[in-house]
Amino acid sequence: MDHRDASAVPGPGGLRLRRWREEDLSALLEAYEDPAMRRWLATQVSGPDGAADWLEAQRRGWATGTRFAFAVTETVDGDRQDGGPVGTPLGNIVLKRPDPRSECSEVGYWTTAAARGRGVASRALTALTDWAFAEFTEQGLVRLELMHQVDNVASCRVAEKCGYALARVIPALPPGYPLDGHVHVREAPSAALSRPAGRRAEAAGTGGGRASGR
């Protein structure tokens with residue numbers, strides 16, 4: 001399957017990842033009104049023009065093959081799901097590949113206030129992780145990284161639940177990043193199996209050192 005033609009990716013528990021659409025603009029604006037979104041996300045969306053720009057950035061990412069953002073939705077019986085009508089985005093999950101030749105890519109996500117506490121983030125991350133390795137391992141992808149601010153305990157739990165081991169701590173870079181950050185790592189199944197036992201243990205620890213920047 002050509003990853004640029006991917007329409008929908010199924011996930012655990014009836015989850016469905018699909019590309020963002022123009023009709024998602026109002027749901028996107030509502031999501032960014034949440035105080036938690038303003039606290040944890042470096043990039044903010046404000047007003048219809050800002051939401052339209054954000055949606056265009058996701059479309060452009062797919063077109064260039066550098067950023068693959070999915071709206072997280074659920075398939076349920078009836079015409080509504082928790083948080084709104086069926087198909088309403090419950091969050092965003094993204095694979096960032098600015099250099100398609102790199103063996104490492106970054107993943108990121110957010111969930112709406114209505115979706116929290118139901119395992120949406122961990123199910124979405126599981127689905128994206130499986131999709132990323134299935135699509136890009138032959139192109140050399142062997143490692144995925146997830147980063148979050150050190151006090152974002154919920155994101156830390158999601159990462160560890162999905163097999164992203166804490167690899168290192170990176171220093172704060174005020175004002176954009178006022179606190180240290182965690183870098184969690186998940187290796188492709190083939191890469192993890194081919195690594196010597198000692199290296200596998202090292203990769204799962206916290207001895208990766210401190211990076212010089214984000």
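# Exercises on a predicted model

At 2% relative accessibility, Arg18 counts as buried (buried means under 20% relative accessible area, exposed over 50% and partly exposed in between, with a 1.4 Å probe and protein chains only). Before we start, note that this is a predicted model, where local features need pLDDT of at least 70, side-chain atom pairs count only at pLDDT 80 or more, and totals for chains, interfaces and linings use all residues. Residues are numbered from 1 along each chain as its sequence is written, and side-chain values use heavy atoms, leaving out hydrogens and water.

## Exercise 1

Find the element that holds Arg18 and the backbone oxygen that its side chain reaches.

Solution. Start with the element: Arg18 sits in strand β2, residues 15-19 (strands are DSSP runs of E with at least two residues, helices runs of H or I with at least four, both numbered from the N terminus). Next, follow the side chain of Arg18 to the backbone oxygen of Gly87, at 2.8 Å.

## Exercise 2

Work out how Trp131 pairs with Phe68 and with Phe70.

Solution. A pair of aromatic rings is described by the distance of the centres and the angle of the planes. The whole structure has ten aromatic pairs (rings of Phe, Tyr and Trp, the last by its six-membered ring, pair if their centres lie within 6.5 Å; planes under 30 degrees apart are stacked, over 60 edge-to-face and the rest tilted). For Phe68 and Trp131, the centres are 5.9 Å apart and the planes stand at 65°, so this pair is edge-to-face. Phe68 belongs to strand β3 (residues 67-74) and Trp131 to helix α4, 63 residues apart, so the pair links distant parts of the chain. Now take Phe70 and Trp131: with 5.1 Å centre to centre and 85° between the planes, this pair is edge-to-face. Phe70, in strand β3, is 61 residues from Trp131.

Then check burial. Phe68 is buried at 0% relative accessible area, Phe70 is buried at 0%, and Trp131 is buried at 5%. Finally, widen the view: ring pairs link Trp62, Phe68, Phe70, Trp131 and Phe136 into a cluster. Arg19 lies over the face of Trp62, 4.0 Å from the ring centre (a charge sits over a ring if NZ of Lys or CZ of Arg is within 6 Å of the ring centre and within 35 degrees of the ring normal).

## Exercise 3

Solution. Most residues other than glycine have a negative phi, and most peptide bonds are trans. Pro175 lies in the loop between β9 (165-170) and β10 (181-187). To finish, compare positions: His182 and Val169 are 13 residues apart along the chain, and their C-alpha atoms are separated by 4.8 Å.

Key. Polar contact = N/O pair within 3.5 Å; in protein donor to acceptor, adjacent residues only side chain to side chain.
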